[in-house]
Amino acid sequence: MRRITLAVILFILLPLVSSSQISIRIFARSKPSSLIFTTVKGTCSLTDGAAGEVRLNPGEIVVLTRYGDRIIYSTLSGIKGAADSLAFTPVSSDALFTVRAPGNSEPEKTLSGTLTVTSFPGSLLILNLTTPEECLPGVVRAEAGKYGPSDYFMAQAVVARTYIFRNIYRHALDGYNMCDDIHCQVYPGVVTDSVIVNACHSTTGKVLTDRDSILIEAAFHGNCGGETASSADVWLAGYPYLVSVKDPWCSYSASSTWKRTIPRSEWNNYLESKGVKPGTEVTIYSTNALAGNRITRRTVQGKTLWSEEMRLRFGLRSAYFTIASAGDSIVFTGRGYGHGVGLCQDGAKHMAEKKMSFTRIIGFYYPGTIITDVKKARMPVRP
Ligand SMILES: [Zn+2]
Ligand SMILES: [Zn+2]
């Protein structure tokens with residue numbers, strides 16, 4: 001699940017054309033020094049800036065390796081060269097290719113569009129020039145899973161598209177728009193799952209804005225445990241559409257309940273780090289936090305213990321839990337999975353299974369927001 005930016009983003013009224021290109025850094029996490037490019041379908045051309053252009057037909061392979069500030073490459077058909085940067089451009093409109101990095105833990109990706117490769121300090125800088133609509137099905141599958149009803153994926157498509165445009169300048173200072181890792185949104189490449197592809201096509205250009213036409217912070221998570229969390233309680237950044245809502249739709253899921261036990265010594269270390277003397281916190285064990293609303297913070301001796309902080313520190317599945325003392329252990333019993341803010345994926349899936357539309361699902365988890373065409377939304381300002 002991607003991270004949320006809490007940086008202040010400025011928005012302007014100038015629309016951005018949704019078909020405009022974006023550049024995504026590929027293999028941003030592993031930053032390989034070598035790459036194997038294979039044409040799968042159609043024809044591509046390789047331009048190295050000096051030796052001109054090489055045609056790459058299906059099955060043609062190009063191996064390239066960073067060598068100082070240059071790149072050396074060779075093709076299966078025996079062409080070799082060295083260049084500062086390489087560009088792989090589609091010649092036919094159906095061109096598809098794969099990229100993989102030898103010894104890399106990240107799986108091979110199938111991509112379309114243009115690929116540029118530059119030698120970068122310590123690694124290759126691999127950029128895929130594509131369009132938001134072209135990369136959206138891959139993003140949706142990575143973030144929302146493979147299986148579910150159409151309206152679930154339509155809701156996720158609108159959410160993921162909103163995220164792309166809101167964060168379109170996130171890496172502007174690095175020279176590209178987004179990375180393919182959880183830092184932005186995971187992009188596994190082009191996918192062909194028909195339900196997901198159709199869900200993206202049928203919502204083409206649709207994004208979520210607030211009443212001022214500003215693209216929303218489209219947060220989502222796995223399972224809210226029966227009540228979503230307000231962003232103000234989790235990130236200290238409040239948005240009128242990221243408020244807590246009671247969710248009757250997600251309790252069917254196995255993610256909805258969990259338990260985790262930690263040694264008391266670990267717990268005592270935490271209390272001391274917060275300025276709380278161990279032994280004085282007993283009142284927090286008597287509250288059944290699962291009986292009422294989410295408890296986002298507990299106060300002991302005037303010190304605040306945030307549920308979200310405990311979730312991150314102790315690796316809890318959610319910040320919706322009750323705490324019990326049991327001998328040498330502390331037992332957390334909780335509900336839900338993830339930070340709890342915004343759309344609950346298990347709940348959204350169940351609503352769609354109950355034949356509710358994606359517009360109703362979005363209205364339920366992001367109250368007061370507007371589904372509109374991206375051309376009518378205010379775009380972030382390039383830094
Ligand atoms: Zn990123
Ligand atoms: Zn839920």
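**Close-up views of a predicted model**

**View 1. Asp 193 and its contacts.** Leaving aside neighbours within four places in sequence, Asp 193 is in contact (heavy atoms within 4.5 Å) with Arg 141 and Lys 146. This is a predicted model, where local features need pLDDT of at least 70 and side-chain atom pairs count only at pLDDT 80 or more, while totals for chains, interfaces and linings use all residues. Residues are numbered from 1 along each chain as its sequence is written, chains are lettered from A and ligands numbered from 1 in the order in which they are written, and side-chain values use heavy atoms, with hydrogens and water left out. You will find Asp 193 in the loop between β14 (178–179) and α3 (194–202); helices (H or I, at least four residues) and strands (E, at least two) are DSSP runs, numbered from the N terminus. Asp 193 counts as buried because its relative accessibility is 17%; buried means under 20% relative accessible area (1.4 Å probe, protein chains only).

**View 2. The zinc ion (ligand 2) and its donors.** Cys 224 (SG), Asp 247 (OD), Cys 250 (SG) and Cys 344 (SG) coordinate the zinc ion at 2.1 to 2.3 Å; donors are N, O and S atoms within 2.8 Å of the metal (3.2 Å for Na, K and Ca). Along the chain, their spacing reads C-x22-D-x2-C-x93-C. The arrangement is tetrahedral because the four donor atoms subtend angles of 101 to 123° (for four donors, all angles must lie between 85 and 135 degrees). Both Asp 247 and Cys 250 are buried.

**View 3. An open sheet of three strands.** The strand order is β17-β21-β20, with antiparallel pairing; strands pair if DSSP finds at least two bridges between them. At the edges lie β17 (258–263) and β20 (321–326), each pairing on one side only.

Definitions and conventions:
Tetrahedral: all angles 85-135°; square planar, octahedral: opposite > 155°, others 65-115°. Buried < 20%, exposed > 50% of the residue type's maximum accessible area, 1.4 Å probe, protein only.
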